Each structure stands twice: as structure tokens, then as C-alpha cells.
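This report describes a single protein chain for a reader who is meeting it for the first time. Please look over the sequence and the structure before reading on.

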Amino acid sequence: MTRHNLALVVSALTERQSLSAHQAAEPQKHPFNIVAISLKQTHVDEIRRHARETSPHECCGLIGGNDARTRTVYPLRNVAADPLVTYEAAPEDLFAAQRAMRDRGEQLLAIYHSHPRSNDPQPSETDVRLAYYPSAVYCIVGLGDEEPCLRAFRISEREGRWEPAEYEVRSDSDK
């Protein structure tokens with residue numbers, strides 16, 4: 001089992017029509033209450049694949065699950081006006097993913113997107129400004145190196161800050 005940066009607080013889904021991202025904002029030193037989440041290796045691979053397939057555009061998606069353990073990855077179409085530097089989830093995809101999570105009894109664990117040119121992705125000022133899901137973990141995939149780099153963050157839009165969060169990657173055989 002591999003440990004990485006990321007965390008989670010599970011929240012009820014709220015209606016939100018778009019998500020966004022850009023260049024890096026500086027983290028502050030105020031800790032969030034961190035609860036680790038556990039991603040299946042298959043889910044990490046699916047997120048990385050989605051990022052590669054949409055590059056050079058940013059990708060975006062949701063991760064649903066229960067008890068801090070991922071069950072489903074929901075890739076969404078990026079319909080942003082400038083998808084090279086930002087993302088906006090297609091509203092119909094977002095609502096379909098939220099309905100599917102509700103039908104499956106899942107909760108929103110994380111939101112992911114990519115920074116195609118970054119080798120050490122961090123939340124941008126836009127990511128922080130548009131982080132409307134305070135209970136979700138924000139995962140960012142950087143594609144600047146040969147091997148994609150997945151990082152996770154807790155972002156407080158209200159406080160205008162972010163910090164790395166912890167997560168673990170478990171084998172697919174672990175339920």
C-alpha cells in the first residue's frame with residue numbers, strides 16, 4: 001500500500017454547475033482536520049488515463065464512495081471556454097454523476113482535475129477561488145513528467161487557502 005498526500009471529509013452533494021483551475025497559490029500554515037481516504041489502484045489509473053486522454057486540455061471528474069473508501073470514478077467533460085488552463089464540468093455530466101452517486105448510496109469524496117504542464121501540481125488561485133465543495137478533497141494530476149503525478153489538497157474557498165492532504169492507494173483486491 002502506497003501513501004501519498006490527500007485527505008477527506010465526506011459531505012452531502014450540493015448542486016454546482018461548474019468547477020475550475022489555473023496557476024499555483026501559496027499554502028498557509030493553518031491545518032485542516034484531516035481524515036485519510038483510500039483510493040483503489042484502479043481508480044488512480046482511471047484518473048491518470050482520463051488526464052492523459054484529454055491532454056493538452058484539463059480533465060475533470062468526481063470520485064464517489066463510502067467510509068473514506070472510493071467506489072466509483074465519474075469522468076466529466078470539460079466545457080470551459082479555455083480548457084487549456086481551466087476546467088468547467090458539463091452541467092448534464094455533473095448532474096448525472098450526482099444522481100448516480102445518490103442512486104448507489106455514495107457520497108462525494110473528491111473532485112479531480114489535471115494540470116497538463118505541471119510536474120508538481122498545486123491548487124491555482126482559480127482553483128482556490130472556485131472550491132465550492134469545502135468537504136471534498138481536491139485531487140490534481142500533473143502531466144509535466146513522464147509519469148503522471150497525483151496530489152491531493154484540502155481547499156478553503158472562504159479562507160482563500162489550501163494545504164496538502166493525505167491519501168492512500170490500496171490494491172484492487174482490498175475491499
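Cys-59 is buried, with a relative accessible area of 1%, where buried means under 20% relative accessible area, exposed over 50% and partly exposed in between, for a 1.4 Å probe and protein chains only. Cys-60 is likewise buried, at 0%. The structure holds zero disulfides, a disulfide being a pair of cysteine sulfur atoms within 2.5 Å. Because the sulfur of Cys-60 is 6.8 Å from the closest cysteine sulfur, in Cys-59, it is too far for a bond.

## Basis of the model

This is a predicted model, in which local features need pLDDT of at least 70 and side-chain atom pairs count only at pLDDT 80 or more, while totals for chains, interfaces and linings use all residues. Residues are numbered from 1 along each chain as its sequence is written, and side-chain values use heavy atoms, leaving out hydrogens and water.

## A strand pair

Strand β3 (residues 60-66) runs antiparallel to strand β4 (residues 69-76), and seven bridges join them; strands are DSSP runs of E with at least two residues, helices runs of H or I with at least four, numbered from the N terminus, and two strands pair if DSSP finds at least two bridges between them. Gly-61 stands opposite Pro-75 in β4, and in the hairpin, which has two residues between the strands, Asp-67 takes a positive phi near 50°.

## Nonpolar cores

A nonpolar core is a set of buried Ala, Val, Leu, Ile, Met, Phe, Trp, Tyr and Cys residues joined through side-chain atoms within 4.5 Å. The largest has 21 residues, of which Leu-62, Leu-76, Leu-108, Ile-111, Tyr-133 and Ile-155 touch the most other members. To this core α2 (91-104) is one of the elements giving two or more residues, and with four residues α2 gives the most. Another core, of 19 residues, lies apart from it and has Cys-59 among its members.
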